[in-house]
Every structure is written in structure tokens, then in C-alpha cells.
Amino acid sequence: MDILIEGLSKAYDNQKAVDNISFEVRTGEIVGFLGPNGAGKTTTMKMITQFISPDAGRITIGGKVIAKENIRGSIGYLPENNPLYEDMPVMDYLAFCGQLQGIRKNQLEQRVREMVVMCGLNEEKHKKIGELSKGYRQRVGLAQAMIHDPAILILDEPTTGLDPNQRVEIRELIKRLGMHKSVILSTHILPEVEATCDRILIINKGQIVANGTAETLRSQATGKSILLVDIEGAPRPVIEKELRSMPGITGVGLSPDHRLLEIECTDSHQTARSVYKMCVSKDWMLLQMSPVETRLEDIFRNVTLN
Amino acid sequence: MRESWIIARKELNSFFDSLVAYILLIAFLGFSGFFTWLWGSDVFYHKQASLNTFFNVALWSLFFFIPAITMRQFAEEKKSGTIELLLTKRLTDRQLVIGKYLACLLLVAIALAFTLPYYVSIARLGNIDHGSTITGYLGLLLMSSAYVSIGLLASSFTNNQIVAFLLALLAGVVFQFILGSVGSGQTGWIGSLLTDLSIPHHYDSMSRGVIDTKDVLYFLALTFLGLMLTEVVISKRK
């Protein structure tokens, strides 16, 4: 099912939490929702899951407008901080959630068993939720979100508080399950978004400030590329001066570790060639030259710090 | 209705899983049993084969018992965030409120069912008035239903269980004493209105065996109002 969000707004006591945002998520797509704390990620998710109602705007899911129809049954939701009934055993809890999602009695037991296997909970299934480690609790949260096989998954920070191994496992699980679903997941962990998501939405102060794949965001973010070079054969100021005079180069500086020269240019490919030719003509040694990819962290900082 | 029943069953299970139910049942039966049979103006002091003594004591036990079972219903869900889990499932606010109400009322009904041996014992001791006993139980149930809905409303206001308990108790004090005593000190329509709003005014006649539609409607209206306001409070989430 496709999710279409148009002009969504929500304010808390005159403070705008979400300010006129619009985006779309198509079936089979995993969208990463990024943003600093308090940017409006959780509020947006709560509106999509019908927990709170928007002040303005429209959410359409699978062609149905949310306010008019109850489409909660086609959404699986893992809320922030993964709230659970600590004193319930895993199996009972999953059965309870399944019943609330309208699974029939004769299918309930089988469905619970499937989720236990799928989320790797088999060893812990008879324990009370309060006795489980954080990783297993997270799996229980995912299992309850998916028990009715929803077309849409909304996951609010599904990997917070997990160790790196658990994070990889949960990530793989989401990827596997997300193939035929529309998934929105929010996170603070940037490499995770690159590894899991097809598309990235960055939200800041209630507004969407970036929307696209990691690659398109990179190219949009700075508009310029960076080359790291190491040249031998003349004193550094001479080399810098020569580089600055070349067309296409907008700046020359030292790399953070002071060993290499950092060249800012508009087209790294073209600049690399002319740097090489210049070195040949001056009889300088070109020891190293490498293009630098803009890191997602930098893009994030760029668009969220103003 | 199916959804409400799922909630009610889960809540009842968690009452019995967490010892809450056992502690409260023992306290209720111990307290009401002690004053009915052993101490003060008990059955033997009155020398009448009637459960009037029990009905008066039960009123007071339930006065504390009900806020203790309703206090966690919404306060805890709000505090732990599980309310978000429930209300993003195929469950409306109203179904949730009704489910919680049913669970609490059923627990009270179970407690009352355990006092049926009192009835049997007294019936064997003398010539009991079956009619007034049945209306007495009905009165207790109706009054409990009103208190449960007040307790749920109190619980929906806050995410602190103690606050919910005290609020419910405070509301109980208002309905139990203040309305009646202020009402009896006033003349004219204000006085009669306040008296009409107090719970003992309606409960006492039922515990004596008189069923008046007015009394039944009063308790049902109070229940309905409490549940409706609870739903309004729950739906006003941020």
C-alpha cells in the first residue's frame, strides 16, 4: 500500500511540531526518517498510525483517507521506546496483540508461532517480557507490530539501545520483511539508514529539508567535490599557489591531519586530470590523489544546523 | 464488543496474575465478614435474619476497594506508553474504556459472589427476606458500577496511580458524604437536588428492599456519564 502525505501539520501549544510536510512512500520501499531530537519524527509517525490527529493536512493510505476510515488494521507500529506489558509472557502477549488486530481464533496460534520463529524468540517464548534482555524485547516489539502481516510498517527507532550485533540482526529482519511492504523507520544512526533504507527523509524543525537516496543527497548537499592530493617537487606554498590559479578549483587547504592538500572543485574528474597534467608539465611527483565522498553525517549537519 | 471483551479478559487475567485480585478479595471478605459476623452491631446483635448489616459494611469496603482496582487502569498504560500500543490497533477509544470497565466490574462481582455463603448461612439461621437480599445485591452492583466509572475517569486524568486513587477517593467522599450533608442543611430545590445527587440517598432504599426506577436510573446515568467523560479525556491525547 502506498502512503501519501500532503500538507501535514501539528502544533503543541502554539509550537509547531510538524509544519506542512508532504511526502510519499511506495509499496516495497523502506524510507529512513532522520532528524535531530524534537524534529517532529515521532509526531509524524503518531499521526500516520492514527494515535493523534493532525491539525491540518491529509494522510492517504492505499487510496483511503485516514480521518474518514479506520485503516489501523493495515498498519504495524513499533512506538518509541517499545512499550510492552512487562508481566505478560511472550506468547500470551503476542496472542493478545493478534486478537486485537482481528486474527481469527483458528489462525491465531499458528500466526503466533510463525512470528516467534521469524523473530528468533523460540528460546524465550515462555518467559515474561520483563525478564528479557533489550534485544529480545525489541524482537517482541517487532513481532507484535507484524503479527497481522500489515501492508505498512511504522518503526520508531527500532534499534536504539541494541549492541552492534543485535542491530545488524534487526536490520536484516526489517529488510527481509520490508520487501513487499511500505516501511517508514526513524533512527539516529546514520550508517544504518544507508544500509537499510532505499530513500532518506531528513526532517528538521517540523519541515522536510532533504528527500532522496543517499547518492542524490550527496550530490545535492554540497555541489562541490573534494580531492586529496600529495605532491612533491616544490615547497608547499608554491604548489598551493599553482593549484589555486587553475580553472575549476575553488579552494585549496590542508587536510585535517596536515599531511595532504585538500582541493575543493566543481568537477572532481576534470580537476584530477588537469592536476595530473600540471604535475607532468612542472616535473613534480604526484604521490597520491583520491576523491572524498561527502559523508552522510556532514549532509545531516549541513541541513539541520542553521 | 469483541475488542472490549479481549481487553476485559486481559485485565482480569492481569488482576489474578499480579496478586492484586487475591489481596483485595481477602481484604474485602475479611473486612466485611468480620463486621457482619464477629464484631460491633453484627448479625447476632440485631437478631434478625437479614443481610442489612453486610450491605452496610460492604458499601464501605467497596468505597476503598474500587479506587484500588481502577487506579492503574489508564494511569499505568499512560505511564508505560502501552496506551499507544493499544490505540494504534484495531480498537477504538470507546471499546478500550468499556473493556476496562467490564474487567473492574467483573472483579467486584466476583468478590460479591464470594459472599453468597453469608446469604446461605443466614437463610438457614432464620426466615430471610429473599426479595430484599436480591435488591440489596443489585444495589451493591449498581453502586459499584458508578464507582468504577468514577475511578476510571480519575485514572484517565493522570499517569500517577496514587493521584488516580486519591482523586477517585475524593470523588467518592463527595458523593458519599458531602452532597448529602450539604443538601440536608439547605432548603428548597438546591437542597433536594444535592440530596438527589448523593449516593446513599439512592443506595439505602435499595439495600432495604425497595426498587425504584429513579434509583436504578441514577446509578446507570452516573456510570454512563463517567464512562463518557473518560472516553473524552482519553481521546484528548497529544
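Two strands count as paired here if DSSP finds at least two bridges between them. With that in mind, which residue is the bridge partner of A:Leu254 in β13(A), and what surrounds that pair?

Reply: The model is a predicted one, and the bridge partner of A:Leu254 in β13(A) is A:Leu261. The two strands concerned, β12(A) and strand β13 of chain A, which covers residues 261-265, run antiparallel and are joined by five bridges.

These strands belong to an open sheet of four, arranged in the order β12-β13-β11-β14 in chain A, with antiparallel pairing. Because β12 (249-254) and β14 (285-292) of chain A stand at the edges and each have a single partner strand, one side of each is left without a neighbour in the sheet. From one strand to the next, the twist averages 25°.

Two helices of chain A lie across this sheet. Helix α8, made of residues 236-244, lies across β11 (225-232), β12 and β13 of chain A, and its direction is at about 160° to β12(A). Helix α9, made of residues 268-282, lies across β11, β12, β13 and β14 of chain A, running at about 15° to β11(A).

A:Leu261, the bridge partner of A:Leu254, also has a place in a nonpolar core of ten residues, whose members include A:Leu243, A:Ile263 and A:Val275 as well. This core lies apart from the largest nonpolar core, which has 128 residues and in which A:Leu94, A:Ala143 and A:Ile154 touch the most other members. Helix α4 of chain B, residues 52-80, gives the largest share of that core, namely twelve residues. If neighbours within four places in sequence are left aside, A:Leu94 is in contact with A:Val112, A:Met115, A:Ala143, A:Gln144 and A:Ile147.

For comparison, chain A also holds an open sheet of six strands, in the order β6-β7-β8-β3-β9-β10, and its pairing is mixed. The edge strands there are β6 (75-78) and β10 (207-212) of chain A, each of which pairs on one side only, and neighbouring strands of this sheet are turned by 15° against each other on average when direction is ignored. Within it, strand β3 (residues 30-34) and strand β9 (residues 199-204) of chain A pair in the parallel sense over four bridges, and A:Val31 stands opposite A:Arg199 in β9(A). Helix α4 of chain A, residues 134-146, packs on this sheet and touches β6 and β7 (152-156) of chain A, its direction making about 160° with that of β6(A).

To set both sheets in the whole chain, the secondary structure of chain A comes to ten helices and 14 strands. Buried residues make up 38% of the 306 residues in chain A. Among the contacts in chain A with a separation of 6 or more, 69% are between residues 24 or more positions apart.

Finally, chain A touches chain B through a contact that takes 19 residues from chain A and 18 residues from chain B. On the side of chain B that touches chain A, α1 (2-17) and α5 (82-87) of chain B are the elements that give two or more residues, and α1(B) provides the largest share, five residues.

How values were computed
Residues are numbered from 1 along each chain as its sequence is written. Chains are lettered from A and ligands numbered from 1 in the order in which they are written. This is a predicted model: local features need pLDDT of at least 70, side-chain atom pairs count only at pLDDT 80 or more; totals for chains, interfaces and linings use all residues. A residue is buried if 20 or more other C-beta atoms lie within 10 Å of its own, exposed if 12 or fewer, and partly exposed in between; C-beta atoms are placed from the backbone. Two residues are in contact if their C-beta atoms, placed from the backbone, lie within 7 Å. Axes are lines fitted to C-alpha atoms, for helices over the stretch in contact, and angles run from 0 to 180 degrees between N-to-C directions. A nonpolar core is a set of buried Ala, Val, Leu, Ile, Met, Phe, Trp, Tyr and Cys residues joined through C-beta atoms within 7 Å.
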